[in-house]
Amino acid sequence: DSFTARSLGDKKEKTLAMIKPDAVDKMGMILDMISHKGLLVTKAKMVLLSRAEAAQFYIEHQSKPFFNGLLDYVTSGPVVAMEIMGGNAIGVWRELIGPTNPSDARSQNSQSLRAKFGTDNTRNAVHGSDSKESATRETEFFFPSAGPSRANTAQFTNCTCCV
Ligand code: UDP
């Protein structure tokens with residue numbers, strides 16, 4: 001029925017999560033927290049971004065004063081990009097990561113990822129898409145649906161929670 005169709009559809013919301021270089025060694029704990037929220041990791045890869053790639057990913061911030069520092073940071077080591085899926089995935093993941101500034105995060109909810117693993121306004125451990133439009137653009141950035149890298153990308157097809 002339509003209710004079932006709607007709730008099944010909701011479970012398929014997707015977002016782009018990124019573990020930034022300073023938190024890649026916390027990947028196991030981060031994956032556990034994703035699972036505990038009922039979200040699924042449907043694609044994942046570790047990649048060392050070039051400066052040009054990082055600039056493209058963060059293009060909306062190109063005129064900000066922190067842009068160069070942000071590029072230094074996200075290219076300082078490999079990142080882990082993940083497509084994560086589930087009910088309200090965008091909002092649930094944003095809630096789990098916490099506010100941009102880790103000190104704000106610590107004063108609001110010490111269980112958020114930025115509260116636990118973030119250092120400062122730049123080195124804040126994780127990224128999450130902030131809207132459906134960003135989620136689509138950012139997922140396509142790391143996991144293009146066409147082109148040569150597709151052959152190297154494991155596609156998640158048989159999710160028992162949503163078929
Ligand atoms: N950032 C920074 N200085 C600032 C604000 C943001 O270096 O004053 C970095 C930080 O790593 C942040 C990223 O730029 O995660 C993108 O900023 P945005 O405002 O989109 O925050 P987010 O959506 O990641 O919470």
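User: What is the bridge partner of Met18 in strand 4?

Analyst: The partner is His127. Met18 also stands opposite Ala81 in strand 3. Strands are DSSP runs of E with at least two residues, helices are runs of H or I with at least four, and both are numbered from the N terminus. This is a predicted model: local features need pLDDT of at least 70, side-chain atom pairs count only at pLDDT 80 or more, and totals for chains, interfaces and linings use all residues. Residue numbers start from 1 along each chain as its sequence is written.

User: Why are strand 1 and strand 4 called a pair?

Analyst: Two strands pair if DSSP finds at least two bridges between them. Strand 1 and strand 4 are joined by 3 bridges, so they pair. They run antiparallel. Ile19 has Val126 as its bridge partner in strand 4.

User: How many bridges join strand 1 to strand 3, and how many join strand 2 to strand 3?

Analyst: There are 6 bridges between strand 1 and strand 3. Strand 2 and strand 3 are joined by 7. Both counts meet the requirement of at least two, so both are pairs. Both pairs run antiparallel. Look at Glu83 in strand 3. Leu16 has Glu83 as its bridge partner, and Lys43 stands opposite Glu83.

User: What is the order of the strands in the open sheet?

Analyst: The 4 strands follow the order 2-3-1-4, with antiparallel pairing. Strand 2 and strand 4 are the edge strands, since each pairs on one side only. From one strand to the next, the twist averages 20°. Helix 5 packs on the sheet and touches strand 1, strand 3 and strand 4. The direction of helix 5 makes about 25° with that of strand 1. Such angles run from 0 to 180 degrees between N-to-C directions, with axes fitted to C-alpha atoms, for helices over the stretch in contact.

User: Which strands does helix 8 lie across?

Analyst: Helix 8 lies across strand 1, strand 2 and strand 3, at about 55° to strand 1.

User: Why is Ala125 called buried?

Analyst: A residue is buried if 20 or more other C-beta atoms, placed from the backbone, lie within 10 Å of its own; 12 or fewer means exposed, and in between means partly exposed. Ala125 has 25 C-beta neighbours inside 10 Å, so it counts as buried. Ala125 lies in the loop between helix 7 (113–117) and strand 4 (126–128). Its phi is positive, about 80°, although Ala125 is not a glycine.

User: Is Asn88 buried, exposed or partly exposed, and how do you know?

Analyst: Asn88 has 16 other C-beta atoms within 10 Å. Asn88 sits in the loop between strand 3 and helix 5. Asn88 also has a positive phi, near 50°, in a residue other than glycine.

User: Which residues of helix 8 are buried, and what puts them on the same side?

Analyst: The buried residues of helix 8 (residues 132–142) are Ala135, Glu138, Thr139 and Phe142. They cover an arc of only 105° around the axis, so they lie on the same side of helix 8. The arc is taken from the directions from the helix axis to the C-beta atoms. On the other side, Glu133 and Glu140 are exposed. The buried residues pack against strand 1 (14–19), strand 2 (40–47), helix 3 (51–57), strand 3 (79–85) and helix 5 (89–97).

User: What share of the whole protein is buried?

Analyst: Buried residues make up 31% of the 163 residues. The protein has 8 helices and 4 strands.

Notes. Two residues are in contact if their C-beta atoms, placed from the backbone, lie within 7 Å.
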